[in-house]
Every structure is written in structure tokens, then in C-alpha cells.
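Please go through this structure with me, one question at a time.

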Amino acid sequence: GGPALAEKEGKKIALSGYDVVSYFTKNRAEKGDPKYTHDHKGATYQFSSDEQKKLFINDPGKYLPQYDGYCAYGVTFGKKLEADPEAWKIVNGKLYFNLDKDLLKKWETNTADFIKEGDSQWTVIQDIPASEL
């Protein structure tokens, strides 16, 4: 699953087409190019270059966002809220998204505790559809 899975020709486009690798390699949110895609666990990821795509294929776990890309703050309350690909932060080598930049700021006030609570909640809700939470 995951957030922002837009249907495009029957495919689920992850992260609204943003390149998940760019957060790590370029320290910024960057739109991927439909020329460079890779399917992973039912979602299609887009990348800004073939090089970025190869980095993902070699180690998807390194780049995939926490909580399937749902809002990290929302997960602490047992909710799966669609996140904004522009509201992000890498903490201890892991990528987190939030609903918007205001919630990201709130989440950043106590990141360690929010991650601890989010990880705990995620074990309970990860397999429950967002609509049922």
C-alpha cells in the first residue's frame, strides 16, 4: 500500500510520481520521469534518471518511506493519512513524510518520541485499510 497512489493506466503511481531516491541522493523532493519506472510491491515508482532507478532496484529497503509513506504524525494516533511528498525528513537514514509542512514542523518538535510511538502504532495498523481506521 502507500499514500498518494494515483491511478495511471491502471498502475498505482507511488508518492505522486516523486523520485524516492532523490530525498537521499539530492536532499530534495524531485518529480520522477515516467521514462524511468520500477514496479515494487504493487506500486510503480518513478525516478529522475536511470541511475536513480538502479540505486532503488539494488536496495529498495534503503529508500522506501516509513509507514508505507503515510503521514508519520498521523500514524502516532493510529491513522493512515495521505502525506505530501514535499513535507519530508530523513531521520537516522529513514525517510518520513507528513500530511503537510505545518504538521511536519509539529512532528519535528519531538521527532524521537513520535517515531517511537509511530513504530509502535504501525505494528497494529499496518495491515488495516486506511478507510477502516
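Predicted model: local features only at pLDDT ≥ 70, side-chain atom pairs only at ≥ 80, totals over all residues.

Residues are numbered from 1 along each chain as its sequence is written, and side-chain values use heavy atoms, with hydrogens and water left out.

Q: Is strand E6 largely enclosed or open?
A: Helices (H or I, at least four residues) and strands (E, at least two) are DSSP runs, numbered from the N terminus. A residue is buried under 20% relative accessible area, exposed over 50%, and partly exposed in between (1.4 Å probe, protein chains only). Strand E6 covers residues 94–98, and four of its five residues are buried, so the rest of the structure leaves E6 largely enclosed.

Q: How many bridges join strand E5 to E6?
A: Two strands pair if DSSP finds at least two bridges between them. In this pair Ile-90 stands opposite Leu-95 in E6. E5 (residues 84–91) and E6 run antiparallel, and the number of bridges joining them is five.

Q: Which residue in the turn of the E5 and E6 hairpin has a positive phi?
A: The hairpin formed by E5 and E6 has two residues between the strands.

Q: Which residues does Leu-64 contact, leaving aside its neighbours within four places in sequence?
A: Leu-64 sits in the loop between helix H3 (60–63) and helix H4 (72–75). Its C-alpha is 8.1 Å from that of Lys-94, 30 residues apart in sequence. With contact taken as heavy atoms within 4.5 Å, and those neighbours left aside, the residues that Leu-64 contacts are Val-20, His-40, Tyr-45 and Phe-56.

Q: How many salt bridges does the structure hold?
A: A salt bridge is a side-chain nitrogen of Lys or Arg within 4 Å of a carboxyl oxygen of Asp or Glu. Side chains of opposite charge can pair when their charged atoms come close. The number of salt bridges in the structure is four.

Q: How far apart are the closest N and O atoms of Lys-26 and Glu-30?
A: Lys-26, Arg-28 and Glu-30 are linked in a network of salt bridges. Lys-26 is partly exposed because its relative accessibility is 36%, whereas Glu-30 is buried at 12%. In the salt bridge between Lys-26 and Glu-30, the closest N and O atoms are apart by 2.9 Å.

Q: In which helix do Lys-54 and Asp-50 both lie?
A: Lys-54 and Asp-50 form a salt bridge, with their closest N and O atoms 3.1 Å apart. Lys-54 is partly exposed, with a relative accessible area of 48%, and Asp-50 is also partly exposed, at 32%. The two are four residues apart, about one turn of the helix, and both lie in H2 (residues 50–58).

Q: Which helix holds Glu-108, linked with Lys-89 in strand E5?
A: The side chains of Lys-89 and Glu-108 meet in a salt bridge at 3.6 Å, N to O. This pair links distant parts of the chain, 19 residues apart, with Lys-89 in strand E5 and Glu-108 in helix H5 (residues 101–108). Lys-89 is partly exposed at 30% relative accessible area, and Glu-108 is partly exposed at 35%. The helix that holds Glu-108 is H5.

Q: Which residue's side chain makes a polar contact with the side chain of Gln-52?
A: Gln-52 lies in helix H2 and counts as buried because its relative accessibility is 6%. A polar contact is a pair of N or O atoms within 3.5 Å; within protein, one must be able to donate a hydrogen and the other to accept it, and residues adjacent in sequence count only if both atoms are side-chain atoms. At 3.1 Å, the partner of the Gln-52 side chain is the side chain of Asp-19.
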